[in-house]
Amino acid sequence: MIKMLNVVSRIDRDKDFFVNYLEVISILKFKYNIIFNIKIIGNVYDEDVYHKLIEDIRRLDIISQVEITKKSIPFSKLFKTENDYYINACIGDFVGYSSIECIENEMKTIFFNISENKIDSQNISFCNTIDDVGILLLNLFSNDEVNIRLKNDNQLLLERFMLDDLEKINLLSILKGSNI
């Protein structure tokens, strides 16, 4: 069974973490004989980064496992199956809005910490190193309980980042200068 690792990110200098993800795909293929395909979803803003990405794909010998859309795709149009995982870079335990959108759209999301500050989290969604990402993908490939835990941990993150109805009302009241 082939699994898909999706990267939702523009191809640009400030988002150039692609080689890390490609290396994990290569290690899984050549060391563990497990095939994960990778789809990079986003516009190309920097041709040099794009060409480096292509060189890395060739060097790692994973050409047949990589798809690059070169265009952004709305989350509502992204393909989602039980075999699809999404990976986003995070800074510590701070995640960007695309990560929140992934989880909101019930996409199993993994976070790769690009900060030197380690994340001390019991949430398996967060990976401090590329080895952590590889180990998580290996476990997701072979263990349904890990898949369930990833979904649950994603949901806990979403609850942490999203306001409930009362919090929304309180925030709006503060912003309007009135008290509740």
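User: Leaving aside its neighbours within four places in sequence, which residues is Ile-110 in contact with?

Analyst: Happy to start there, keeping in mind that this is a predicted model. Ile-110 is one of the residues that touch the most other members of the largest nonpolar core, alongside Ile-38, Ile-68 and Leu-137. With neighbours within four places set aside, the contacts of Ile-110 are Tyr-85, Tyr-86, Ile-87, Asn-88, Ser-125, Cys-127, Leu-136, Leu-137, Leu-140 and Leu-150.

User: Which residues does the second, separate core include?

Analyst: In soluble globular proteins, nonpolar side chains tend to be buried together. Here the largest nonpolar core holds 37 residues. Apart from that one there is a core of nine residues, and among them are Cys-90, Phe-111, Phe-126 and Leu-158.

User: How many disulfides does the structure hold?

Analyst: A disulfide needs two cysteine sulfur atoms within 2.5 Å. For Cys-90, the nearest cysteine sulfur belongs to Cys-127 and is 8.5 Å away. For Cys-102, the nearest is that of Cys-90, 13 Å away. The number of disulfides in the structure is zero.

User: Is Cys-102 buried or exposed?

Analyst: Good one to check on the model. The cut-off for buried is under 20% relative accessible area. Cys-102 has a value of 0%, so this residue counts as buried.

User: In what order do the six strands of the open sheet run?

Analyst: Let's begin at the edges: β3 (66-68) and β6 (126-127) each pair on one side only. Further in, β1 and β4 (residues 84-90) run parallel and are joined by four bridges. The pairing in the sheet is parallel, and the order is β3-β2-β1-β4-β5-β6.

User: What is the bridge partner of Val-7 in β4?

Analyst: Strand β4 covers residues 84-90 and is joined to β1 by four bridges. The β4 residue that partners Val-7 is Ile-87.

User: At about what angle does helix α4 run to β5?

Analyst: Helix α4 spans residues 130-142 and lies across β1, β2 (36-41), β4, β5 (109-113) and β6. Relative to β5, the helix runs at about 160 degrees.

User: Which parts of the chain does the pair of Lys-52 and Asp-16 link?

Analyst: Side chains of opposite charge can pair when their charged atoms come close. Lys-52 and Asp-16 form a salt bridge at 3.6 Å, N to O. The two residues are 36 residues apart, so this pair links distant parts of the chain. The parts are helix α2 (residues 47-59), which holds Lys-52, and the loop between β1 (3-8) and α1 (18-32), which holds Asp-16.

User: Which residues are linked with Asp-16 in a network of salt bridges?

Analyst: Asp-16 is partly exposed at 25% relative accessible area, and Lys-52 is partly exposed at 35%. Both belong to the network. The residues linked with Asp-16 are Lys-52, Asp-56 and Arg-59.

User: Why are Asp-153 and Arg-149 separated by about one helical turn?

Analyst: These two form a salt bridge, with the closest N and O atoms 3.3 Å apart. Asp-153 is buried at 8% relative accessible area, whereas Arg-149 is partly exposed at 38%. They are separated by about one helical turn because they sit four residues apart in helix α5 (residues 144-161).

User: How many salt bridges does a search of the whole structure find?

Analyst: One further example is Asp-12 with Arg-10, where the closest N and O atoms are 3.6 Å apart. Asp-12 is buried at 18%, while Arg-10 is partly exposed at 30%. Across the whole structure, the number of salt bridges found is 10.

Technical notes. Residues are numbered from 1 along each chain as its sequence is written. This is a predicted model: local features need pLDDT of at least 70, side-chain atom pairs count only at pLDDT 80 or more; totals for chains, interfaces and linings use all residues. Side-chain values use heavy atoms; hydrogens and water are left out. Buried means under 20% relative accessible area, exposed over 50%, partly exposed in between (1.4 Å probe, protein chains only). A nonpolar core is a set of buried Ala, Val, Leu, Ile, Met, Phe, Trp, Tyr and Cys residues joined through side-chain atoms within 4.5 Å. Contact means heavy atoms within 4.5 Å. A salt bridge is a side-chain nitrogen of Lys or Arg within 4 Å of a carboxyl oxygen of Asp or Glu. Two strands pair if DSSP finds at least two bridges between them. Axes are lines fitted to C-alpha atoms, for helices over the stretch in contact, and angles run from 0 to 180 degrees between N-to-C directions.
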